[in-house]
Amino acid sequence: MENFLEQMAELFEVDSVNLQDEVIAFDEWDSLTGLSIISLADDEYGIIISVNDILEAKTIQGLYELFNQKK
Amino acid sequence: MLYNPVSLIDRRYLITGAASGLGKATSILLSKLGAELILVDIDEEGLNDTSKMCSSNVVKVIINLYDISELKTKIKDSVTKFGKLNGFVHLAGRPYISPLKSINEKTTTEVFMLNTYVGIELAKICTNRKIFAGERGSLVFISSVYGLVGSAANVGYAMSKSALHGVTKSLAIELASKNIRVNCIAPGFIKTNMLQKISESFNSEYNDTLTKLHPLGLGEADDVANSVAFLLSDMSKWITGSIMNVDGGFTAQ
């Protein structure tokens with residue numbers, strides 16, 4: 001979990017993230033950050049997700065569950 | 001105050017390879033134009049030399065650029081103390097003269113790592129909102145005429161430098177929305193220690209041939225430094241994704 005949160009903070013270019021943070025509320029959220037999340041999921045977690053999956057996940061908690069559900 | 005569109009006052013840049021050659025000349029010039037600099041190199045003595053010749057606020061950071069983790073940590077630490085950056089110039093690099101039959105994977109990978117991939121990592125680090133000043137962004141890569149035209153026994157080096165052209169254009173598109181410009185300078189042969197070392201591998205005819213390849217003669221380090229200053233300044237605010245030939249006419253032939 002800790003590693004996942006660090007990875008999210010890195011992608012959203014903030015010092016840290018909270019589980020309840022909304023993905024689209026980050027200043028850095030855009031299509032390229034979305035692609036970065038998709039790329040991270042594939043490279044490091046071995047799962048294929050879409051932008052829609054990310055949007056439906058809504059929060060960092062949702063993304064964490066998405067990453068683990070698809071594993 | 002006189003109008004000076006190349007002024008770099010209130011700007012901060014990171015310069016790799018700052019201890020010698022093009023990096024040293026560029027650091028000194030940018031400093032004269034008012035830029036504050038993070039000088040990066042593995043050569044401490046050379047960095048001290050460059051630092052003494054700079055007239056603005058500079059900090060020296062000794063980094064082994066092959067260590068990406070160290071690169072990231074040390075830049076972040078420096079920026080915390082020094083202030084956010086407007087960009088960087090990746091001048092660190094190494095030659096690799098080897099015919100195809102003697103080329104090896106280890107050296108080729110090292111050349112690619114230093115000349116090319118470190119540039120991508122620098123872009124990743126320096127455009128992060130925790131590092132980037134948020135305005136007047138400009139990244140400059142240094143390739144070579146041999147990223148543009150062929151020469152024998154140079155395939156590893158040519159690979160690393162021509163790759164920078166793709167990197168430049170791709171990042172120019174990706175970073176335009178952040179108002180960060182990305183450009184590349186492709187210099188001809190410059191009178192530096194690196195050239196001196198290469199020349200020593202050949203006979204005197206090589207030097208004559210080399211000079212003849214440049215209609216304006218061999219370049220000075222300042223010729224490249226001047227172009228870097230232009231690409232960092234507001235004079236080039238509508239230029240991104242360009243490969244600037246600074247080669248005394250080498251590639252015009």
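1. A crossover is called right-handed if, with the strands pointing away from the viewer, the path from the first strand over the helix to the second runs clockwise. Helices (H or I, at least four residues) and strands (E, at least two) are DSSP runs, numbered from the N terminus. In chain B, β4(B), helix α4 (residues 105–126) and β5(B) form such a right-handed β-α-β unit. A right-handed β-α-β unit is also made by β5(B), helix α5 (residues 155–175) of chain B and β6(B).

2. The model is predicted: local features need pLDDT of at least 70, side-chain atom pairs count only at pLDDT 80 or more, and totals for chains, interfaces and linings use all residues. Residues are numbered from 1 along each chain as its sequence is written, with chains lettered from A and ligands numbered from 1 in the order in which they are written.

3. Strands pair if DSSP finds at least two bridges between them. Strand β4 (residues 87–90) of chain B pairs with β5(B) in the parallel sense over four bridges, and B:F88 stands opposite B:L139. The pairing of β5(B) with strand β6 (residues 180–187) of chain B is parallel too, over six bridges; here B:G137 faces B:I180.

4. A residue is buried if 20 or more other C-beta atoms, placed from the backbone, lie within 10 Å of its own. Six of the six residues of β5(B) (residues 137–142) are buried, so the strand is largely enclosed by the rest of the structure. B:G137, B:L139 and B:F141 cover one side, and B:S138, B:V140 and B:I142 the other.

Methods. A residue is buried if 20 or more other C-beta atoms lie within 10 Å of its own, exposed if 12 or fewer, and partly exposed in between; C-beta atoms are placed from the backbone.
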